[in-house]
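Hello,

Here is the structure we talked about handing over. Please open it alongside this message; my notes follow below.

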Amino acid sequence: MYKVNENYLKIQGNYLFSTIAKKVNEFSAQNPDKEVIRLGIGDVTQPLAPVLIQALQDAVTEMGAAETFHGYAPDLGYEFLRDAIAKNDYQARGCQIDADEIFVSDGAKCDCGNIQEIFSTDNKVAVCDPVYPVYVDTNVMAGRTGKYNEAIQGYDGVIYMPCMAENDFVPEFPKETPDLIYLCYPNNPTGAVITKAQLQEWVDYANKNGAVILYDAAYEAYISEPDVPHSIYECEGARSCAIEFHSFSKNAGFTGVRLGYTVVPKDLKSNGVSLHDLWARRHGTKYNGAPYIVQKAGAAVYTPQGQAQIKEQIAYYMENAKMILEGLKKAGYQVYGGVNAPYIWLKTPGTMTSWEFFDELLQTANVVGTPGSGFGPHGEGYFRLTAFGTHENTKKALERITKM
């Protein structure tokens, strides 16, 4: 008789956003006359920029002619895209990252989950709390954790690093030394950021303890303040201790197109074994590459016209963030984020739990957000709203919330 991977049975409940979708669908079925505004899942609403549409159309035309047709993509991704990424996202910022250290994929979520395959299951994992669920769940699936522990509202074996208002949602070094450290800044879900000096301390800590930082920079395009690093490789010594993930989903609206990349420097080694080589082997074995037409659109992001157009979209979403942040403050809510990130992290009123506030918000204001407890034990008592709606819906949702 075949056996299943019993690590999947350890996972607590359903995936957070599946649970939210089920609740919302049930409400909508019972209240068909109610207009529900969704500010929960971080999905974009603005259409792709014109220069990206043109690049997609041109690439489709190329695929229709024998002399310009493209089949399987190169393992690391097309050189034209990797060169553009290296020059614009790294070398222009003084980071020493070469094109052959960049692996193009179909999104940061997949890479954040898949990267743990190149590490032993004996490694100890540290995550911020609250945390993007994918970091924890994929390590549970791999057998790197124990069972879910109701007493700590988390998994045995995972090192949870509390991120609270008291420490500006930036974790302190854990008492137990980890091997793999997940960091995400600008942060999902809290919208908090880390300064370059603070991030340098983490780089020094990782190098000192022989740990690897798995750095999710999916929201770096939303950074507006000067002392906030766009990449961990702005820090000295990061090449020997950090892997970085990037996404085109939020900066260029590719949530439905799918494109991202991971940087694995060649300096990153464990007992002489190159992590770059391991990831290249895994990438080539299990992945056939992002589509040519999508990679062409990705390259168009880095053209002058592309940069101008996506900056307009980012400004559009950050205007929503400012609207929510200032509106909720005025209404008396305790709120965070929304300055360098498209997420607003608010304290639930009184003694309400995050799911109680979710239900109240859905039933009374017909607005959907994300309960903080879904991101970990220290997310309880908080709630996440996103700025990815339209101006019209964001304004309408804010008016409904403040009337509650």
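**Aromatic pairs and other findings**

Tyr155 is buried, because its relative accessibility is 5%. Please keep in mind that the model is predicted.

The ring of Tyr155 pairs with that of Tyr148: the centres are 5.2 Å apart and the planes stand at 80 degrees, which makes the pair edge-to-face. Tyr148 has a relative accessibility of 23% and so counts as partly exposed; the cut-off for buried is under 20%. In the whole structure, the search gives 28 aromatic pairs.

A second pair to look at is Trp345 with Phe375. Here the ring centres are 6.1 Å apart and the planes are at 70 degrees, so this pair is edge-to-face as well. Trp345 belongs to strand 14 (residues 343-347), while Phe375 is in the loop between strand 16 (370-371) and strand 17 (382-386); the pair therefore ties together parts that are 30 residues apart in sequence. Both residues, Trp345 and Phe375, are buried.

Trp345 and Phe375 also belong to a cluster linked by ring pairs, together with Phe17, Phe169, Tyr336 and Tyr382. Tyr382 has a charge over its ring: the charged end of Lys347 sits there, 5.3 Å from the ring centre. Another lysine, Lys296, lies over the face of Phe80, and its distance from the ring centre is 4.9 Å.

Next, a residue in helix 10. Gln309 is found in this helix, which covers residues 304-330. Is Gln309 buried or exposed? With a relative accessibility of 15%, Gln309 counts as buried, since buried means under 20%. What does Gln309 touch, leaving aside residues up to four places away in sequence? The contacts are Ala49, Pro50 and Val51.

Last, the start of the chain. Met1 is in the segment before helix 1 (16-30). Met1 has a relative accessible area of 90% and is therefore exposed. Together with Tyr2, Val4 and Leu9, Met1 makes a nonpolar surface patch of about 600 Å².

If you want to go through this on screen, one order is the Tyr148 and Tyr155 pair, then the cluster that includes Trp345 and Phe375, then Gln309 in helix 10, and finally the patch that includes Met1.

Regards

How values were computed:
Residues are numbered from 1 along each chain as its sequence is written. This is a predicted model: local features need pLDDT of at least 70, side-chain atom pairs count only at pLDDT 80 or more; totals for chains, interfaces and linings use all residues. Side-chain values use heavy atoms; hydrogens and water are left out. Patches are made of residues with over 30% relative accessible area and no salt bridge: like charges are joined within 9 Å, nonpolar side chains (Val, Leu, Ile, Met, Phe, Trp, Tyr) within 5 Å. Accessible areas come from the Shrake-Rupley method with a 1.4 Å probe; for residues, only the protein chains shown count as cover. A salt bridge is a side-chain nitrogen of Lys or Arg within 4 Å of a carboxyl oxygen of Asp or Glu. Helices (H or I, at least four residues) and strands (E, at least two) are DSSP runs, numbered from the N terminus. Buried means under 20% relative accessible area, exposed over 50%, partly exposed in between (1.4 Å probe, protein chains only). Contact means heavy atoms within 4.5 Å. Rings of Phe, Tyr and Trp (its six-membered ring) pair if their centres lie within 6.5 Å; planes under 30 degrees apart count as stacked, over 60 as edge-to-face and the rest as tilted. A charge sits over a ring if NZ of Lys or CZ of Arg is within 6 Å of the ring centre and within 35 degrees of the ring normal.
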